[in-house]
Amino acid sequence: MPELPFTGLTPAQAEQSRTAHGSNRLTGRRRITFGRRWLQSFGDPIIKILLAALAINLLFLLRRCDWFESVGIAISVFAATFVSALSEHGSEAAFEKLQQQAETVTCRAIRGGKVIPLSAADVVVDDVILLQSGEKVPADGILLQGRLSVNQAMLSGESREVPKRADGSRPEEASVFAGTVVCGGEAVMQVQAVGDHTRLGQLAGEIREESGDSPLKQRLTGLAKTISRLGYGASALVMLADLFYSFGLSTRFSQQALYALFASPTEVLARLFHAVTLGITTLVVAVPEGLPMMITVVLSSNMRRMLKDQVLVRKPVGIETSGSLNILFTDKTGTLTKGEPGVVQCVTGNGFTFTEKTVLRRHKALWEKVSRNCFYNNESLLSARQILGGNATDRALLAYVLPQREPAGRWTVYGRLPFHSGRKYAAAVLGAAGQPALYPVKGAPERLLPACTRYTDEAGTVRPLRDREPLEAAMRQMTGSGMRVLALAEADREVPETGPLPAMTLTALLGIRDELRPEAAETVAQLRRAGIQLVMITGDNKETAVAIAAAAGLLDIRDGECAVLTGEQLRALSDAQIRKRLAELRVLARAQPEDKSRLLRLAQENGLVAGMTGDGINDAPALKKANVGFAMGSGTEVAKEAADIVILDDRLSSIAKAVLYGRTIFHSIRKFIVFQLTVNLCAVAVSVLGPFLGVDTPVTVVQMLWVNLIMDTLAGLAFAGEPPLEEYMKELPKRREEPIMTGAMLHQILWTGGFTVALCVAFLCLPATFFRVHPQDLYRMTGFFALFIFCGIFNCFNARTGRVNLLAHLHRNPAFVTIMLLVTTVQLCMIYRGGTLFRAAGLTLTEWSAVLRMAALVIPFDMARKLILRLRRKK
C-alpha cells in the first residue's frame with residue numbers, strides 16, 4: 001500500500017475519545033452464582049408445596065418420630081433443585097464468550113502518524129485502522145481508502161464475500177463491522193462506533209436478556225394450584241371424618257358418653273391431635289412428592305439417550321419444550337443443506353447437460369478440459385487428500401475433479417490472476433513440455449460469455465458459438481433450481497488484469513449448489529405431520545431460497561405469495577401485519593439477525609412455542625430468546641452456549657428426534673401424574689370412608705407414608721424410562737396454555753381410582769372368610785394393606801400405555817419391570833418383617849390368592865375404559 005495521508009489520533013485525543021464515546025469493550029453483567037441459582041430453583045411451584053408439607057410435617061409429626069417421611073421429602077427437594085440449578089448454571093457464558101472473542105482481536109492503528117499494534121479493546125472512535133486479508137475488523141467504521149472483500153456471515157448469515165470500497169455509491173458499500181473477516185484487498189478505515197454501540201455490541205445486549213418460563217414450568221404452576229386446593233380439601237375431609245368417628249360414632253352419639261369423654265381433657269386433646277395428624281399426613285400424601293424427582297430423572301435419563309442420537313442437551317428443560325414446538329425457524333445452510341457447495345450440473349455450449357460426473361468422465365476430451373481448468377485455475381491446495389485454502393467455489397471445483405490422477409500432460413502453472421469481485425473472473429497460464437501454452441479462465445457467465453466465439457461440444461470438438469439460446473435456457477434452469485452458474489473457458493492468449501478480454505472458447509457452464517441433505521425432505525414432512533410450522537431463514541437471495549425450500553418440501557402449490565418474504569419486505573411490515581401473516585410464512589430470504597429476533601418475539605406474542613436453529617455469533621440472541629434454541633455442532637462456541645440443545649451432526653433429522661424425545665417426556669410425566677393421583681385419591685378416599693365403615697385407620701400413618709415415600713418415588717423412576725414412540729409425532733403440538741392435567745386424565749383417575757376405592761370398601765365390608773381370625777383383625781388388615789399396594793402396582797401397568805395390550809413396548813423399558821419387581825419384593829418384606837410398625841403379619845397362600853385376585857380386577861376394568869374410548873374414536 002502506498003504512503004498514507006493519515007496521521008491518526010494523538011494519545012491525548014484518544015483518551016478524550018474514550019471519555020466521550022466509551023471503550024471498545026462490551027458491557028458485562030454480574031453473573032448469577034451457583035448458590036443463587038440453586039436458591040432460585042426453590043421457586044418451582046411443586047417445590048413450594050413440598051416445602052410447605054415438609055414444614056407442617058416437622059411441626060406436627062416430630063413427636064411421633066415419623067422422621068423418614070421428612071427425610072424423604074427433603075431428599076426429593078434437594079435432588080430436584082440441585083440438578084435443576086446445575087443444568088442451568090453457566091447460561092450467561094454465551095455473553096462472556098462473546099466478550100472474550102471481541103477482546104482477543106488485535107489490529108494495526110495509526111496513532112500520531114505511526115503504525116502501531118493495538119488491542120481491539122483499546123480502539124476508540126475516530127481511530128484510523130489498517131486492514132488487509134486475514135484480519136478481523138475491530139470496530140464499526142467506514143473505509144477512507146482502498147477496497148476489500150469481507151466475510152459477514154456472522155452478522156448476515158450469508159456465506160459469500162461482500163465487496164467494500166471507499167468510493168462506493170451507497171453508504172453500506174463503505175461500511176465495515178466489528179468481528180467480520182477481511183478475505184481480500186487492503187484498505188484504511190475510520191472507526192465510528194465501539195463497544196456496545198457496534199452491531200456486535202447490540203447482539204451482546206440481546207444475549208443478556210433473560211428468557212421466559214418454559215411451557216412445562218407454566219403448566220406445573222397450574223397443576224400446583226390445583227393440587228394444593230385438592231390437598232387442603234382432602235385434608236379437611238379426613239380430619240372431619242376422623243373427628244366424626246372419635247366424637248360421634250365411637251360414643252354412639254350418647255350424651256352420657258360425650259360428657260364422660262370431655263371430662264378428660266387429655267383424651268380430647270389426644271383425639272384432636274390424632275385427627276390433625278391424620279389430616280396432615282393426608283395433605284403430604286395428596287402432594288405428588290415424586291413428581292419433581294421424576295421430572296428431573298426423566299429429563300436427565302433422556303439426555304443420555306439423546307446424546308447417542310447426536311443431540312447434546314445443555315439445559316434439560318429444553319427437551320420438554322422441544323416436544324411443545326409450534327413453529328421452528330431454521331437455517332438453510334448446513335441444516336437443510338450439507339453446508340458444502342458442490343458442482344451438480346455441467347452444460348456445454350449447445351445445451352448438452354451432464355448431471356452425473358461419471359457420465360461426463362466418459363467424454364474424455366471434454367472432461368480433460370473441464371478438469372484441467374478446475375484443477376489448475378484454483379487457489380485451493382490438496383494436502384494429504386484434504387482440500388485446504390481458497391474460497392468455497394475453489395474448494396467445490398477441486399472436489400469435483402477428485403479423486404483422479406492429475407490431468408494428462410502434468411501442466412505447470414506459470415502465472416495466475418486471482419479472482420476479484422470487481423472483474424468477476426480468475427485466470428491462469430499453463431505450460432507443459434512439448435505443448436503450447438493454455439490460458440484457462442473461470443468466472444461469471446455475464447462477464448465471459450460475450451468474449452466466447454466458440455464452444456466445445458460433448459465430444460470435445462470445438463465449434464462456432466452462434467446460437468446462444470440453449471445456453472440462456474440452461475442458465476435460467478440452473479438459477480431457477482438454486483444453482484450459482486460459473487463459466488469455464490480457454491482464452492486465445494493471456495488474460496489481462498484490466499481491459500477487454502481476448503477471444504475465448506467456452507468449455508462448459510457449471511452449476512454449483514449446496515445440495516439438500518438426503519434426509520431433509522423426509523424430515524420436513526415428518527415435522528409438518530407433527531403440526532410444526534417450519535420457516536426457513538437465510539441470507540441468500542429470494543430465488544435460491546425458494547428453490548431450496550421447494551426441494552425440501554417447505555413450499556408447495558397451495559402456498560400463496562405471503563409464504564415467501566425478503567428481509568426488506570419484512571422490515572416494511574408492521575408487527576400487527578406480520579402477526580396476521582405469520583401462519584402462512586415459509587421462507588425469509590436476505591434476512592438480518594434482527595429479523596430473526598423480531599419473528600421470534602411476534603411468534604411468542606401469538607402464543608406459539610417457538611424454536612430457532614443457528615450456528616453463528618449473529619444467531620446467539622435469537623437462540624437465547626427462543627423457547628428452545630438449537631445450535632449446530634459445527635457452529636461457534638457463542639451459539640452453543642446461548643442454545644438449549646446442540647445438534648452435533650447439524651442435521652434437521654436430529655432436531656426431529658429432539659421433538660420426539662420432548663413429546664415422550666411429556667407423555668411420561670402425564671402417565672406418572674395419572675398413576676400417582678390415582679393412588680393418592682384411593683388413599684384419601686379410604687381414609688375418609690374408613691371411620692364410617694367402623695375402621696378407625698384403614699391405612700395407618702406409617703403405611704401411608706410408606707406408599708408416598710417409597711412406592712411413588714420408585715414408580716417415578718419406572719415411568720422415566722418410557723421409550724420414544726413414532727406415534728407421538730402424529731399428534732398436534734400441545735397448546736401453550738393447555739394444562740398438564742386434561743379432562744381425559746381426570747376421567748382415567750376417577751374411573752380407575754373410583755373402582756379401586758370400591759374394591760377397598762368391599763374388602764372392608766365383606767365377611768373375612770378368607771383370613772384367619774385375630775383379636776385385632778391383624779390378618780385381614782394386612783390383606784387390606786397388600787390389596788392397596790398391589791392395586792397400585794397393577795394400575796402402574798394400566799397408566800403406562802393407552803393400549804389395551806398392557807405389554808406393548810414393555811421390552812423397550814426393562815427398568816419398568818425391574819422396579820415393579822423391586823416394589824413387590826419390598827412390599828413382601830414389609831408384610832413379613834414389618835411387624836407392629838407397619839401393622840402387618842405374614843399371610844398364607846389362600847389369603848394371598850384372595851388378595852391378588854381381587855387386586856387384579858383393576859386391569860380388566862381399565863381395559864373396558866380403553867375399549868369404550870376406542871369405540872368412541874371410531875364413531
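1. Buried here means under 20% relative accessible area, exposed means over 50%, and partly exposed is in between (1.4 Å probe, protein chains only). As background, side chains in a regular strand alternate between the two faces of the sheet.

2. A quick word on the model: it is predicted, so local features need pLDDT of at least 70 and side-chain atom pairs count only at pLDDT 80 or more, while totals for chains, interfaces and linings use all residues. Residues are numbered from 1 along each chain as its sequence is written, and side-chain values use heavy atoms, with hydrogens and water left out.

3. Back to β9, residues 327-331. Because 5 of its 5 residues are buried, β9 is largely enclosed by the rest of the structure. Strands (E, at least two residues) and helices (H or I, at least four) are DSSP runs, numbered from the N terminus.

4. Which strands flank β9 in the sheet order? The order is β8-β27-β26-β25-β9-β22-β24-β23, so look for β25 and β22; these 8 strands form an open sheet with mixed pairing, where two strands pair if DSSP finds at least two bridges between them. The edge strands, β8 (311-313) and β23 (564-566), each pair on one side only. Neighbouring strands are turned by 20 degrees against each other on average, direction ignored; the axes are lines fitted to C-alpha atoms, for helices over the stretch in contact, and angles run from 0 to 180 degrees between N-to-C directions.

5. With β22 (residues 533-537), β9 pairs in the parallel sense over 5 bridges, and Phe 329 stands opposite Val 535. With β25 (residues 610-614), the pairing is also parallel, over 3 bridges, and Ile 327 stands opposite Ala 610.

6. Elsewhere in the sheet, β26 (residues 628-632) and β27 (residues 645-647) pair in the parallel sense over 3 bridges. Ala 631 has Val 646 in β27 as its bridge partner.

7. Pro 621 sits in helix α23 (residues 620-625). Is it buried or exposed? Pro 621 is buried, because its relative accessible area is 1%.

8. Finally, Phe 253 lies in the loop between α8 (215-247) and α9 (255-262) and counts as exposed, at 52% relative accessibility.
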